Amino acid sequence: MYRMARIKWQDIIDRARDIVDGYDGGVTVRQVMYRLVSAGLVPNTAPTYRRLSSRLAQARRDGLFPDLIDTIREVHVPPAWQDADAFMADMPEWFRLDRTRGQEWALYVAAEKDTLRQLLTGWLAEYGIPVLVVRGFGSQSYADVVRDRVRSDPRPAALVYIGDFDASGSDIERDWVERTGCWGRVERVLLTDGQVREYQLPPAEGKRADPRWPGFARRHGFDLDRPVQWEVEALEPAELKRLVLEAVDPYIDREILAQVVAEEEQQRARIVGILGQ
């Protein structure tokens, strides 16, 4: 049992700094919290999260902690340039072809939570793979947008899914797949029962009020009276990245990708020539 008075916050902040430094695409406070909980350093409670957020904010104000990602509180600024010359200088770098062109499958990677969006888009950008953020039991409008986009592509569609291992997480995946109804293949890459055991990830306290818990507990042999859950962010970032890239690799024909990238470079050079740069 944790007691707030026993938590050495300076040690926690130092460990949190190491966690942030381990990510190459940024990290949120929530992700830091998951990793600390997974390491058994803090309890998975709302008061602890608020205390951690406050401590890290003060450390950032003091210049003692790196920046964190806030996926909600962003400043949405319309694109602007100093002048027309600056605008034209940037144009060639924006140009990209569809790097999935010519691939056998139309591949999508879906994340249950928005906290993973920036990591996934960064890791998958070179392949042009679209990233979906389900956000729990997502809106039907979003499901319709995805379904229409997938069905407009003549290729069979594959979905690689990343979510938490908990009672609601498995049902969120089922719900999303059913409501979109457009996938020729679905693979849950993370997080699975086997991975929880393989990596010996410590459980966090689950939601007692979750009506899906009893069924989930029976399927996996858990104690009905002790709800538990595992967050995908509990994995080390390097391992998380490895598993994601390993899952998408079979869908990527590297020779075809190289041809598209080469054509992209040729067309970018044409743009530079037209602009006289």
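Which residues is Gln31 in contact with, leaving aside its neighbours within four places in sequence? I looked this up first: they are Tyr23, Thr115, Leu116, Leu119 and Glu233, where contact means heavy atoms within 4.5 Å.

A note to myself on the source: this is a predicted model, in which local features need pLDDT of at least 70 and side-chain atom pairs count only at pLDDT 80 or more, while totals for chains, interfaces and linings use all residues. Residues are numbered from 1 along each chain as its sequence is written, and side-chain values use heavy atoms, with hydrogens and water left out.

**Gln31**

I found Gln31 in helix α2, residues 29–38. Gln31 has 0% relative accessibility and so counts as buried (under 20% relative accessible area, 1.4 Å probe, protein chains only). Next I checked the polar atoms of its side chain. One of them lies 2.9 Å from the backbone nitrogen of Thr28, and the side chain also reaches the backbone oxygen of Thr115 at 3.3 Å.

**Helices α6 and α7**

Then I turned to α6 (residues 140–151) and α7 (residues 167–180), which pack at about 55° with their axes 9 Å apart. I noted their crossing as right-handed. On the α6 side, Gln140, Tyr142, Ala143, Val146, Arg147 and Arg151 make the contact; α7 brings Trp176, Arg179 and Thr180. By class, I have four nonpolar, two polar and three charged residues here.

How values were computed. Axes fitted to C-alpha atoms, helices over the stretch in contact; angles between N-to-C directions. Helix = DSSP H or I, 4+ residues; strand = E, 2+ residues; numbered from the N terminus. Left-handed = near helix turned anticlockwise from the far one by under 90°. Nonpolar A, V, L, I, M, F, W, Y, C, P; charged D, E, K, R; others polar. Buried < 20%, exposed > 50% of the residue type's maximum accessible area, 1.4 Å probe, protein only. Polar contact = N/O pair within 3.5 Å; in protein donor to acceptor, adjacent residues only side chain to side chain.
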